[in-house]
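Please have a look at the sequence and the coordinates before reading on.

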Amino acid sequence: MAYYYGLDIGGTKIELAVFNEKLEKLHSERVPTPQTSYEDWLSSVETLVRGADQKFDTQGTVGLGIPGFVNASTGLAEIANIKVAHGKPILTDLSARLGREVRAENDANCFALSEAWDESNQQFSTVLGLIIGTGFGGGLVFDGKVHSGSIGMAGEVGHTQLNYHALKLLGWDKAPIYKCGCGNEACLDTYMSGRGFELLYNDLVSENGEKVDAKTIISRFYAGDEKTVKFVEMHIELMAICIGNLVTILDPDMIVFGGGLSNFDHIYDALPKALPKYLLRNAKVPTFRKAIHGDSGGVRGAAALFLK
Ligand SMILES: [Zn+2]
C-alpha cells in the first residue's frame with residue numbers, strides 16, 4: 001500500500017495528513033508554525049513526516065501546500081507570511097533531511113487539485129478552482145495535474161483587474177476603486193472575495209457608516225430586502241464579467257468554488273444564467289460546484305501532488 005502525505009503550511013499552524021491512493025484520510029495532526037528560526041521550521045516539518053513514517057512503517061511521499069510558491073527558476077520559497085522560511089530553498093533542504101523528493105504548490109492550486117481528484121469530479125479534465133474567501137484565489141488542473149506556470153505563479157486570478165464591463169456596471173467614476181495588498185489598484189481580489197463582497201456592500205448600500213458582514217448581507221438577501229437583492233444581482237453580474245474572461249481563456253469543464261462565500265447557494269443558480277452574455281456565442285457554460293473537501297483541501301491537494 002502506498003502512503004501520500006500532504007502538509008498544509010500556514011502562517012500559524014502546520015497540518016500533516018496521511019492518505020491512501022484513493023485519497024482517503026488515514027491520519028492527521030497539526031503543530032504550531034515555528035516563528036523562531038528556519039532550522040526550527042525545517043525540524044518541525046521533519047518531525048511530522050518522521051512521525052508518520054513510524055506510525056505507518058513506511059516512507060510516504062511528501063507534498064506541501066504553501067501560501068505562495070517555490071520559484072522554479074531560483075528554487076527559493078516566496079511565502080511572505082511565513083517569515084522564517086521566506087526566500088529559503090525549502091524543497092532542497094527538506095529533501096536532504098527526509099531522503100526523498102519533496103514537492104510544493106500554492107494552496108489555491110492544491111485546493112483545485114483536491115477537488116479535481118474527487119471521485120465525483122473525475123470526469124472533468126479541465127478544472128478551475130476559485131476561492132472566494134478572505135481573498136480571491138485560483139488554481140487550474142488539467143487531466144489531474146496542476147498547471148503551475150513557468151516559475152510556479154500561475155492562477156493568480158485575484159490580481160487581474162476590473163475591465164470595461166465591470167467599470168461600466170459599477171458606474172464609471174462612481175466605481176469604488178480599492179487598493180490591493182499587492183500594491184496595484186482595482187484587483188479582483190478586492191471585489192470578488194468574500195471580503196470584497198462586504199466592502200462593496202458597505203460602500204454602495206450601507207447607510208450611516210454601518211458595516212455589515214457577508215452573513216448579514218446574505219440573510220437580508222433571502223429575506224427579500226430590496227436594496228440587498230439589487231446589490232446581490234449586481235455582484236453576480238460582476239462575477240459573471242470577471243469569471244467570463246477566465247472561461248473564455250480556459251474553457252473549463254468545471255469551476256469549483258471554495259472559501260466562505262462559496263456557501264452562498266444562490267450563486268450556483270444565478271451565475272450560470274448571467275454568464276453567457278460575457279462569453280463567445282458558441283462557448284459552453286461550465287458546470288459550477290461547491291467544494292466537497294472544504295478545510296481539508298490543502299492537505300488533500302498537497303498529497304495529490306504525487307498521484308498519477
Ligand atoms: Zn493585487
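This is a predicted model: local features need pLDDT of at least 70, side-chain atom pairs count only at pLDDT 80 or more; totals for chains, interfaces and linings use all residues.

Residues are numbered from 1 along each chain as its sequence is written, and side-chain values use heavy atoms, with hydrogens and water left out.

**Zinc site**

- The zinc ion has as its protein donors His 159 (ND1), Cys 180 (SG), Cys 182 (SG) and Cys 187 (SG), at 2.0 to 2.4 Å. Donors here are N, O and S atoms within 2.8 Å of the metal (3.2 Å for Na, K and Ca), and sites may look incomplete because water is not among the atoms.
- The site is tetrahedral, with angles of 101 to 122° among the 4 donor atoms.
- Along the sequence, the donor residues follow the spacing H-x20-C-x1-C-x4-C.
- Cys 180 is buried at 7% relative accessibility, whereas Cys 182 is partly exposed at 47%. Buried means under 20% relative accessible area, exposed over 50%, and partly exposed in between (1.4 Å probe, protein chains only).

**Cavity**

- Searching the whole structure gives 1 cavity of 30 Å³ or more, and the largest cavity has a volume of about 40 Å³. On a 1 Å grid over the protein atoms alone, a cavity is a set of points where a 1.4 Å probe fits but cannot get out; a pocket is an open set with protein on both sides within 12 Å along at least five of seven lines, and lining residues have an atom within 4 Å of a point. Grid points are joined across faces, edges and corners, and a volume is the space filled by probe spheres set on the points.
- The lining of the largest cavity consists of Phe 197, Val 232, His 235, Ile 236, Met 239, Leu 261, Phe 264 and Ile 267.
- Helix H8 (residues 226–250) supplies the largest share of this lining, 4 residues. Helices (H or I, at least four residues) and strands (E, at least two) are DSSP runs, numbered from the N terminus.
- By class, the cavity lining has 7 nonpolar, 1 polar and no charged residues. Ala, Val, Leu, Ile, Met, Phe, Trp, Tyr, Cys and Pro count as nonpolar, Asp, Glu, Lys and Arg as charged, and the others, Gly among them, as polar.

- The largest pocket has a volume of about 1100 Å³. Its lining comprises 40 residues, with Pro 67, Asn 106, Asp 107, Ala 108 and Ile 131 nearest its centre.
- Two or more lining residues of the largest pocket come from each of E1, E2, H3, strand E9 (136–142), strand E11 (254–258) and H10.
- That lining divides into 12 nonpolar, 18 polar and 10 charged residues.
- The second largest pocket has a volume of about 230 Å³, and H8 gives the most to its lining, with 4 residues.
- Lining the second largest pocket are Leu 169, Leu 170, Gly 171, Leu 204, Val 205, Lys 227, Lys 230, Phe 231 and Met 234, which divide into 6 nonpolar, 1 polar and 2 charged.

**A buried helix**

- Helix H10 (residues 297–304) is largely enclosed by the rest of the structure, because 8 of its 8 residues are buried. Among them are Gly 297, Val 299 and Arg 300.
- The cover over the buried residues of H10 includes strand E1 (4–9), strand E2 (13–19), strand E4 (61–66) and helix H3 (107–116); contact means heavy atoms within 4.5 Å.

**Loop residues to look at**

- Asp 57 is not a glycine, yet has a positive phi of about 50°. Asp 57 sits in the loop between helix H1 (38–56) and E4 and is exposed, at 71% relative accessible area.
- Trp 172, also not a glycine, has a positive phi of about 50°. The loop between helix H4 (164–169) and helix H5 (189–192) holds Trp 172, which is partly exposed at 44%.
- Asp 143 belongs to the loop between E9 and strand E10 (145–146) and is exposed at 64%. Asp 143 and Lys 308 are 165 residues apart in sequence, with 9.8 Å from C-alpha to C-alpha.

Key:
Four donors count as tetrahedral if all angles lie between 85 and 135 degrees; four count as square planar and six as octahedral if opposite donors are over 155 degrees apart and all others between 65 and 115; anything else is irregular.
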